[in-house]
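Please keep the structure open while reading.

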Amino acid sequence: QFSIEWFAVHSSHLVGESEIGDLSDKLKQLYSNSVKIAKEPSEIQFIDKQWVPFPMHPLQAKAWRDSQQALSLNEVVKDLALSSPGWTATSSSRAIYHPQQAWMLKVSLPVKLTNSLRLLSSKEAKRGIQFSQLLNSENGAELRQRLPNSYFIEEPLWASINDIDGEVLDLPLISFRE
């Protein structure tokens with residue numbers, strides 16, 4: 001088991017998509033649920049409405065802290081120096097699980113496995129959104145009907161941080177996975 005680490009991202013630099021409700025609200029719910037597990041209820045208060053909590057895997061967080069991007073975005077991405085324990089890796093290594101959370105997280109891992117860095121990209125995350133949209137369409141209903149014994153895992157939300165030029169950063173990218 002390990003702890004995810006929490007940052008605060010100014011809403012002007014938060015980027016992502018959600019098929020399951022407001023992106024900021026979902027991140028705040030995950031934060032609130034995670035911190036309740038780790039801290040006393042009085043310590044759960046968040047900074048303010050312009051800031052959104054943002055989780056990172058410990059390897060992601062370390063790479064972020066050491067990056068030039070973190071240095072250039074230090075006014076809009078704050079390290080909360082807060083962690084939430086109880087997370088474990090799944091066989092995917094990029095997908096992490098907590099038994100008391102509603103969602104698994106799929107994270108960018110700045111490590112080489114099978115000769116490549118395991119960083120997510122916005123292209124990949126957007127495919128998760130498109131797949132959720134497909135499953136919630138008439139074609140998705142037909143697919144479920146044709147394959148009644150199959151269960152499709154969705155990734156209906158992703159989030160990351162925009163750099164100073166407005167580009168989506170791969171290192172901090174996360175997806176919510178069923």
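The model is predicted.

## Helix 2

Helix 2 spans residues 58-65. Its buried residues are Gln60, Ala61 and Trp64. Viewed down the helix axis, these buried residues fall within an arc of 100°, so they line one face of helix 2.

## Aromatic pairs

The count of aromatic pairs comes to three. Two of them are described here, Trp103 with Phe176 and Phe131 with Phe152.

## Trp103 and Phe176

This pair is tilted. The ring centres of Trp103 and Phe176 are 5.9 Å apart, with 55° between the planes.

Trp103 sits in the loop between strand 5 (95-97) and strand 6 (104-107). Phe176 belongs to strand 10 (residues 174-177). Phe176 is buried, at a relative accessible area of 1%.

## Phe131 and Phe152

The ring centres of Phe131 and Phe152 lie 6.1 Å apart. Their planes meet at 65°, and an angle over 60 degrees counts as edge-to-face, so this pair is edge-to-face.

Phe131 is in helix 4 (residues 122-135). Phe152 is in the loop between helix 5 (138-146) and strand 9 (157-161). The pair thus links distant parts of the chain, 21 residues apart.

Phe152 has 17%. Buried means under 20%, so Phe152 counts as buried.

Methods
Residues are numbered from 1 along each chain as its sequence is written. This is a predicted model: local features need pLDDT of at least 70, side-chain atom pairs count only at pLDDT 80 or more; totals for chains, interfaces and linings use all residues. Side-chain values use heavy atoms; hydrogens and water are left out. Buried means under 20% relative accessible area, exposed over 50%, partly exposed in between (1.4 Å probe, protein chains only). Helices (H or I, at least four residues) and strands (E, at least two) are DSSP runs, numbered from the N terminus. The arc is that of the directions from the helix axis to the C-beta atoms. Rings of Phe, Tyr and Trp (its six-membered ring) pair if their centres lie within 6.5 Å; planes under 30 degrees apart count as stacked, over 60 as edge-to-face and the rest as tilted.
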